Amino acid sequence: MHIWAVANQKGGVGKTTTVVSLAGLLADAGHRVLMLDLDPHGSLTSYFRFDPDTIELSAYNLFKVTGKIPEDLPASLILETGHPNLSLLPASTALATLERHAQAQGGMGLVISKMLTILWDDYDYVLIDSPPVLGVLMINALAACQQLIIPVQTEFLAMKGLERMVRTLTMINRARKRPVPYLIVPTLFDRRTQASNKSLRDLQDTYEELVWHSVIPIDTKLRDASTAGIAPSALDPNGRGIKAYTSLVDSLMNPVG
Ligand code: ADP
Ligand code: MG
């Protein structure tokens, strides 16, 4: 099982779009993929037409367990999406109540890691969508993943949010046996604007090889896919947004060096 998390302490940078796009492409390629929604807003859950306000079983049930997670619990929370290789462990708005406990109390930070060991043989890839808040949920995502993807919107002040995210990660990495490798992915890139070009140069100057060598362009088809309720790759496999995500999958599966 490969576990990738997508996180940034800023909202609206393309986290959920990145999760759906990468998950859809991996599923199209024949991998068994689980998407895990840890954002109390439940955008990923809504994307697939489930309602995070009314859903009864969700990731929240995992956090309510005291003691060991029952072997049959994780599978009982998973929903099918219509794509044969693509499943979803949804969020519910109840997850927001967990964020009040910013301090992960004993073991609270490892709920998702432990849950995934139960599902270890059932999926080839797990993609975790996380909330734009440094709290219990993001800590769970960062503690569980083997690869972190940090989408950064190429716009004025893009670097500001990123600095905070990198500091958070440094803190988490100190507590881990093995540091999480991360890749900064420039998103919502509009090559006609100075703001996009300048922020991309700033990112590259500061973070160098930690920045992905390409960009995710603005592509309205990616936005349209979310209203269609299907993975973007199903909507338009040749769109430039999905082509960029195809190249990102390739970079993540074949890291250089
Ligand atoms: P986050 O999860 O970080 O809050 P989203 O993935 O929900 O961000 O993206 C925010 C908004 O921007 C959504 O409406 C989404 O459809 C849109 N969006 C994301 N990436 C792109 C893109 N490359 N091109 C066009 N629209 C995009
Ligand atoms: Mg989101």
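Helices (H or I, at least four residues) and strands (E, at least two) are DSSP runs, numbered from the N terminus. The model is predicted: local features need pLDDT of at least 70 and side-chain atom pairs pLDDT 80 or more, whereas totals for chains, interfaces and linings use all residues. Residues are numbered from 1 along each chain as its sequence is written, and chains are lettered from A and ligands numbered from 1 in the order in which they are written.

**View 1. The shell around ligand 1.** Helix 9 gives the most to this shell, with 4 residues; helix 1 (15–28) and helix 9 (220–228) each supply at least two. Of the 18 residues around the ligand (C-beta atom, placed from the backbone, within 6 Å), Gly14, Lys15, Thr16, Thr17 and Arg223 come nearest.

View 2. Seven strands, with mixed pairing, follow the order 3-4-2-5-1-6-7; strands pair if DSSP finds at least two bridges between them. Strand 3 (79–80) and strand 7 (182–187) are the edges, each pairing on one side only. Strand 2 (residues 33–37) runs parallel to strand 4 (residues 86–89), joined by 4 bridges, and Val33 stands opposite Leu86.

**View 3. The two sides of helix 7.** The buried residues of helix 7 are Ala158, Leu162, Met165 and Ile172 (buried: 20 or more other C-beta atoms within 10 Å of the residue's own; exposed: 12 or fewer; C-beta atoms placed from the backbone). Seen down the axis of helix 7, these residues fall within an arc of 80 degrees (taken from the directions from the helix axis to the C-beta atoms), so they line one face. On the other side, Lys160, Glu163, Arg167, Thr170, Met171 and Arg174 are exposed.
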